[in-house]
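Colleague: Could you take me through a few parts of this structure, one question at a time, and show how each answer is reached?

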Amino acid sequence: MPKALPREMTGAELNSMLKSNVHFKSLGGMRVPGLKLSDSDLAWWRECRVGMFIHWGLYSILGRGEWVRFAEKLPYHQYEALAGQFDPQDFCTDEWMDAARDLGAKYAVMVTRHHDGFALWDSAGSWNRFDSMHAKAHRDFVKEFTDSCRKYGMRRGYYYSPMDWRFPGYFDPEHLTSNALIMKQQCYRQVEELVTRYGAPDILWYDGGWLAHKGSDTSSAWFWEPDRLNSMVRSYAPKAVINPRSGWEGDFYCDEGSAEISGNIITVPWEKNLCLCSGASWGWMENDPVQPLSWLIRMLVNVICRDGNILWNIAPNRNGKLSGEVHARIKEFGAWIRENGEAIYGTRGGPVEPVDGVFGTVFNKNTVYVHILDGKRFSGMAIGPFPGRVLSVQRMDGQDVKYTIADGMLRVDLSGIAFGTDTILRLTLDREITPVVSDVYFTGK
Ligand code: GLC
C-alpha cells in the first residue's frame, strides 16, 4: 500500500506544537517521500542519543574560526597557501575516537569539507585539487577517520558543505552561472566520492546549501537539485541518515547552537548540534572557554526529554589535538553519562511533558526515568499522567522512594535526597510504553 503523505504543518502550527525556542533549520525542504528513511531505519540513530561533531581544517591553523576566510576577506592565494602548512604532527584519528568514547558519543560526524572548499580526503572531484592529499600532510583524513570509526565500533558521519567560497558564482549564480555550475558539479562529484569510496556512511550531514549567503537551503533548491543529489546518494547508501540541510527535507530536523531547549516533547526525529565550548566558533580558537559540566548535563537532559539527539562539537587545533581543559571536561561529562547510561541511551523522550527548568522524562519499554533539574521546585509536584500503573519508584542506586498516586498523578517524597545537577528516579510501570511519532511535514511558511 502506498504510504500516505504526512500532514502539512505551517510555522504557526509548529510553534504552537513545540511551545519552545527550538528553531529548526531548513523547514519546507523539497519533498521526496521515496528518499526518506522509515522509523525502523532510524531506530539505531535514535538509540545513540549522543554524537560528536569534529570541525577541523585549514582554518584550524589560523585559530579564528571556520569562517575566517570569508570574515576577514582573505585573498584566495593567501588562504590556499595554508595548505602548505597543513601537516598535523604526531596525530592519529584514533585520538578523536578516544575523545568520542570518553564523551559517551555513539556516533561521530567529521567535517570533511567546509565552506572554504578544502577537502580532507584525496578528492579527484575537488576543483583545483584543494585537498589534504595535495597539502603538506599528503594524507587522506577521511579514510583515517573512517578506519578509526570501524576500529572503535563508532557510527560514522560525514559533514559536507555544497557551497564553496572559492567560486565567484556562489555569490552570483544568476550572472556567473557557468562558474556556479562548476561548483555544483564539484558538489555532486565529491558527495559521490564520500558515499562510495569508504563504504556507505551511516550519516550524511550537509550544511550550507544556500546561495550568496542569502535565503535558506530550501530557497536554493532550484540550483542544487537536492532531489537528484540525494537520489544519487541513496543509490549507494540506501540507509544513510541524511540531515535536512541540502534543501531536501531529510530524515531528521536540526536545531543549531547553544540556545537552551525548552517546551514540549518533539514528536519528529531531531538533533541539537552545539559546541562544547562557548559557541563563538565551531573551529579551533585558542582560549575558547569550555562550558561548565552542569551546563552540559542540563543541555543533554533538556534535549533527550524532548526526544532529540545531541551532537557535541569539538574543535581540534592545527595538530588535531584538543586542549587539556576540553579533554578534562569530556572525561567528566563522559563519566557522568556512563554512570547514568540506562537513563540516556536507547531511551525515548516522554511520556510526561517536561516542565522547563524543573524536570523531564524519558522511557525505555516499561521503565520511566525522571530527570530532576530543580529538586526544590519538583518536590510536592504532581506529575503524570502515565500510560500505565506505576509499580515502583526508585533512586538510581536501587533504593525505594516513597510515593503516592492520586487521580493518576504521582507525587514523590524526596525528603532526604541530596539533589545534584540532575537527580534521576527510575519508575517501573505495569506495561511497555509506545513512542509517539508524528508524520508531519513542516512547510516552512
Ligand atoms: C553553521 C556555520 C558553520 C558550522 C555549522 C554547524 O551553519 O555556518 O560554520 O559548520 O553551523 O552546524
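Colleague: Which residues of helix α11 are buried, and what covers them?
Modeller: In this predicted model, helix α11 spans residues 226–236, and its buried residues are Pro226, Leu229, Asn230, Met232, Val233 and Arg234. In an α-helix, residues three or four places apart point the same way, because there are 3.6 residues a turn. The cover over the buried residues of α11 includes α9 (177–196), β5 (203–206), α10 (221–224) and β6 (241–242).

Colleague: Is Asn273 buried or exposed?
Modeller: Asn273 is found in strand β8, which covers residues 270–275. Apart from neighbours within four places in sequence, Asn273 has contacts with Phe53, Trp205, Asp255, Glu256, Gly257, Trp282 and Leu311. A residue is called buried when its relative accessible area is under 20%. Because the relative accessibility of Asn273 is 1%, this residue counts as buried.

Colleague: How do the axes of helix α6 and helix α7 cross, and what is the handedness of the crossing?
Modeller: Two packed helices are described by the angle and the distance between their axes. For α6 (residues 94–103) and α7 (residues 141–152), the axes come within 9 Å and cross at roughly 45°. That angle is why α6 is described as oblique to α7, and the crossing of the two helices is right-handed.

Colleague: Which residues of α6 and α7 meet, and how many of them are nonpolar, polar and charged?
Modeller: From α6, the residues involved are Asp94, Trp96, Met97, Asp98 and Arg101, and they meet Phe145, Ser148, Cys149, Lys151 and Tyr152 of α7. Sorted by class, this contact of α6 with α7 holds five nonpolar, one polar and four charged residues.

Colleague: Which strands pair with β11, and over how many bridges?
Modeller: Strand β11, residues 359–364, is mostly covered, with five of its six residues buried. Strand β10, residues 348–349, pairs with β11 in the antiparallel sense over two bridges, and within that arrangement Arg348 has Phe363 of β11 as its bridge partner. Strand β12, residues 367–372, also pairs with β11 in the antiparallel sense, and here the number of bridges is six.

Colleague: In the hairpin of β11 and β12, which residue takes a positive phi?
Modeller: Asn364 has Thr367 in β12 as its bridge partner. The hairpin has two residues between the strands, and the one that takes a positive phi, near 55°, is Lys365.

Terms used. Residues are numbered from 1 along each chain as its sequence is written. This is a predicted model: local features need pLDDT of at least 70, side-chain atom pairs count only at pLDDT 80 or more; totals for chains, interfaces and linings use all residues. Side-chain values use heavy atoms; hydrogens and water are left out. Buried means under 20% relative accessible area, exposed over 50%, partly exposed in between (1.4 Å probe, protein chains only). Helices (H or I, at least four residues) and strands (E, at least two) are DSSP runs, numbered from the N terminus. Two strands pair if DSSP finds at least two bridges between them. Axes are lines fitted to C-alpha atoms, for helices over the stretch in contact, and angles run from 0 to 180 degrees between N-to-C directions. Angles under 35 degrees count as roughly parallel, over 145 as roughly antiparallel, 65 to 115 as roughly perpendicular and the rest as oblique. A crossing is left-handed if the near helix is turned anticlockwise from the far one by less than a right angle, and right-handed if clockwise. Contact means heavy atoms within 4.5 Å. Ala, Val, Leu, Ile, Met, Phe, Trp, Tyr, Cys and Pro count as nonpolar, Asp, Glu, Lys and Arg as charged, and the others, Gly among them, as polar.
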